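Work through the exercises below with the structure open beside the text. Each task is followed by a solution in steps.

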Amino acid sequence: MHRPLWLRLGQGIGITLAFASLLLIYLPDLPVVGRLFYPFGYRTEIEQQARAFGLDPLFVAAVIRQESGFRPQARSAAGAMGLMQLMPATARWAAPQMGLRGFRDEQLLDPALNVRVGCWYLNYLFQRFRDPAKVLAAYNGGEGNMKFWSTLRGEPLAWAYPETQTYVSQCLRAYRRYHELYDVERPSPTGANRP
């Protein structure tokens with residue numbers, strides 16, 4: 001018996017969609033494919049600067065993935081720049097404390113310098129907040145806001161902006177995924193500011 005064309009096409013599309021769904025569910029679990037979704041670009045710079053500031057390089061990679069998708073020339077509508085999407089004002093404040101002389105905003109588009117300043121700033125936030133989720137909330141929503149949210153009753157992150165709550169959740173999920181996909185040397189257990 002000959003089936004109508006529309007029925008054959010419908011069945012073919014159904015089979016294709018089912019196969020595609022299975023691929024989307026199981027394929028990202030394969031390390032080779034997972035690394036496409038969770039890249040580790042600029043690995044040398046990230047590992048070097050993360051270790052210099054007592055951070056887990058995979059935590060830094062998760063932040064960069066969320067902030068810029070590893071695009072060194074990324075610029076946000078708010079003015080954040082580079083891999084770690086640093087605000088120029090934050091970088092100008094950090095530069096003299098880091099011993100960077102003659103800092104210019106355009107330098108934030110240099111991946112090595114951006115990662116260096118970003119790692120310094122994450123270290124600074126870890127010294128203040130200790131907890132990775134609170135550090136991420138301060139990185140995204142502002143240090144002053146995180147301090148304020150910490151004075152309110154209950155869990156501080158419950159008071160954070162919805163965008164900040166989503167950011168923290170996505171970064172922590174990416175951080176866990178990076179640990180599943182990559183093997184890197186972690187900071188020493190004596191480091192007080194590691195995630």
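Two residues are in contact when heavy atoms of theirs lie within 4.5 Å. The model used here is predicted.

**Exercise 1.** Find which residues Tyr178 touches, leaving out residues up to four places away in sequence.

Solution. 
- Step 1: Locate Tyr178 in helix H9, which covers residues 162–181.
- Step 2: List the contacts of Tyr178, which are Tyr38, Pro39, Leu58, Ala61, Ala62, Arg65 and Phe70.
- Step 3: Take Phe40, 138 residues from Tyr178 along the chain; the two C-alpha atoms are 8.6 Å apart.
- Step 4: Check accessibility. Buried means under 20% relative accessible area. Tyr178 has 0%, so Tyr178 is buried.

**Exercise 2.** Decide whether Thr164 is buried or exposed, and state what Thr164 touches.

Solution. 
- Step 1: Thr164, too, is part of helix H9.
- Step 2: The relative accessibility of Thr164 is 1%, and therefore Thr164 counts as buried.
- Step 3: Beyond four places in sequence, Thr164 touches Ala137, Asn140, Gly141 and Trp149.

**Exercise 3.** Describe how helix H5 and helix H6 pack.

Solution. 
- Step 1: Helix H5 spans residues 88–98 and helix H6 spans residues 111–129; their axes are 10 Å apart, at an angle of about 85 degrees.
- Step 2: Angles of 65 to 115 degrees count as roughly perpendicular, so H5 is roughly perpendicular to H6.
- Step 3: H5 contributes Thr90, Ala91, Trp93, Ala94, Gln97 and Met98 to the contact, and H6 contributes Arg116, Val117, Trp120, Tyr121 and Tyr124.
- Step 4: Sorted by type, the residues of this contact are eight nonpolar, two polar and one charged.

**Exercise 4.** Determine where the buried residues of H5 lie around its axis.

Solution. 
- Step 1: The buried residues in H5 are Pro88, Ala91, Ala94, Ala95 and Met98.
- Step 2: Their arc around the axis is only 120 degrees, so they are on the same side of H5.
- Step 3: These buried residues pack against H6.
- Step 4: Just past the end of H5, Gly99 has a positive phi of about 85 degrees.

Conventions: Residues numbered from 1 in each chain as written. Predicted model: local features only at pLDDT ≥ 70, side-chain atom pairs only at ≥ 80, totals over all residues. Heavy atoms only, no water. Axes fitted to C-alpha atoms, helices over the stretch in contact; angles between N-to-C directions. Helix = DSSP H or I, 4+ residues; strand = E, 2+ residues; numbered from the N terminus. Parallel < 35°, antiparallel > 145°, perpendicular 65-115°, else oblique. Nonpolar A, V, L, I, M, F, W, Y, C, P; charged D, E, K, R; others polar. Buried < 20%, exposed > 50% of the residue type's maximum accessible area, 1.4 Å probe, protein only. Arc of directions from axis to C-beta.
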